[in-house]
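Here is a colleague's note for someone opening this model for the first time. Please read it with the structure on screen.

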Amino acid sequence: MEQKHILIVEDEKKLARFIELELTHEGYIVDIAYDGVTGLTLFESQKYDLVLLDLMLPGLSGIEITRRIRKTSNIPIIMLTARSEVIDKVTGLDSGADDYVTKPFAIEEVLARMRVAFKKQNLIGEQFGGAEKETLRLGKLVIDPKARSVKYDGNLIELTKTEFELLKYMVTNRDIVLTREQILNNVWGYDYFGETNVVDVYIRYLRQKIDDRFSDKLIHTARGVGYIAKKTETDDNIQ
Ligand code: CA
C-alpha cells in the first residue's frame, strides 16, 4: 500500500514530535511545520494526503490556513484545538476543516479520525467517479452532486463542504424525519466524538443561506426528534 504523506502544523514542538513519532510508527510519512506560514509553504510545495492543523498558531491561525487551503484543495484537514467551546470547533469546521480533536487527546483518537477522513475522501472519489450523477431536487432547489453545486431558482448558493454534505443528505432523504444522530452519523461520520448540537448549528447555516434568503421553507424542525427536508404546501405547483 502506498504510504500516505501527512503534514502536521503545530507550534507545541513536543506535541508535534510526539504525533510525528506515532504516525511514523503507523507507517505514515510525516512533515512538521511549527508555524502557519511554514505550514502553508510546505503545503504548497509538496503533495500531502492529510493535514493535522493546530488552531492557535503564531502568524497565520489554523482557520486562516484552512481557508487558504480550501481555495485549491479538498485534502482532509483535522484541527487540533485546545479550546473546548463548541463555537470554535464550529468556526473551524465551517472554514472547511473536516474534523477536530480536542487537546489533550489520545493518539488513537487522532488515528481513528484520520481513518474516517480517508474513508470519506475515498467515498467522494467514488462519487466523482460516476456512482452519483443524479441531480437532486426539492422544490426550486437543485443539487448537482457531480459539480457539487447548489442552486435555488437558478441562483447559485455557496456552501461549505459540510453544509453541502448536510444538504445533500437531507434532500436525498426528503420527506423523512431524520434524527440528529442519523444526521451526525451520515454527514460527520460514525466515529465523530463531538457534540450533537453541531447539527443544529449547521441547520441554522443552511436556513440562513437558503430558507431565509429566498423566503422559502425547505428545512423543517421535527420537534423533539430532528429535522426534515420537504417542500412547503404552497410550493406544490412548482414541479
Ligand atoms: Ca498552538
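1. **Ground rules.** This is a predicted model, in which local features need pLDDT of at least 70, side-chain atom pairs count only at pLDDT 80 or more, and totals for chains, interfaces and linings use all residues. Residues are numbered from 1 along each chain as its sequence is written, and side-chain values use heavy atoms, with hydrogens and water left out.

2. **Helix α1, length.** Helices (H or I, at least four residues) and strands (E, at least two) are DSSP runs, numbered from the N terminus. Helix α1 covers residues 13-25. The expected span of a helix is 1.5 Å times one less than its number of residues. For the 13 residues of α1 that gives 18 Å, and the end C-alpha atoms are 18 Å apart, which agrees.

3. Buried means under 20% relative accessible area, exposed over 50%, and partly exposed in between (1.4 Å probe, protein chains only). In α1 the buried residues are Leu-15, Ala-16, Ile-19 and Leu-23. They cover an arc of only 100 degrees around the axis, so they sit on the same side of α1. The arc is that of the directions from the helix axis to the C-beta atoms. Lys-13, Lys-14, Leu-21 and His-25 are exposed on the other side of α1. After the helix comes Gly-27, with a positive phi near 100 degrees.

4. **Helix α6.** α6 is mostly covered, with 11 of its 12 residues buried. Among them are Phe-164, Leu-167 and Met-170, but also Lys-161, Glu-163, Glu-165 and Lys-168.

5. **A cis peptide bond.** Look at the step from Lys-103 to Pro-104. The peptide bond there is cis, with omega near -5 degrees. Pro-104 lies in the loop between β5 (99-102) and α5 (107-131).

6. Arg-148 has phi near 55 degrees, a positive value in a residue other than glycine. Its place is the loop between β7 (141-144) and β8. Arg-148 is partly exposed, at 21% relative accessible area. Asp-153 is not a glycine either, yet has a positive phi of about 50 degrees. This residue is in the loop between β8 and β9. Asp-153 is partly exposed, at 48%.

7. **The second largest pocket.** What is the volume of the second largest pocket? It is about 330 Å³. Of its 16 lining residues, the closest to the centre are Asn-74, Arg-148, Leu-159, Thr-160 and Lys-161. On a 1 Å grid over the protein atoms alone, a pocket is an open set of points with protein on both sides within 12 Å along at least five of seven lines; a cavity is a set where a 1.4 Å probe fits but cannot get out; lining residues have an atom within 4 Å of a point. Grid points are joined across faces, edges and corners, and a volume is the space filled by probe spheres set on the points.

8. β8 (149-152), β9 (155-157) and α6 (161-172) each supply at least two lining residues. Domain 1 (5-129) and domain 2 (136-229) each give at least three. Those domain bounds come from an automatic or database domain assignment. By class, the lining has 5 nonpolar, 6 polar and 5 charged residues. Ala, Val, Leu, Ile, Met, Phe, Trp, Tyr, Cys and Pro count as nonpolar, Asp, Glu, Lys and Arg as charged, and the others, Gly among them, as polar.

9. **Cavities.** How many cavities of 30 Å³ or more does a search of the whole structure find? It finds 2. The largest share, 4 residues, comes from α5. That lining divides into 3 nonpolar, no polar and 4 charged residues.

10. **Two pairs to check.** Ile-78 lies in strand β4 (residues 77-81). Ile-78 is buried, at 0% relative accessibility. Its C-alpha atom is 8.2 Å from that of Ala-117, 39 residues apart along the chain. Ile-228 is in strand β12 (residues 226-229), and is buried at 10%.
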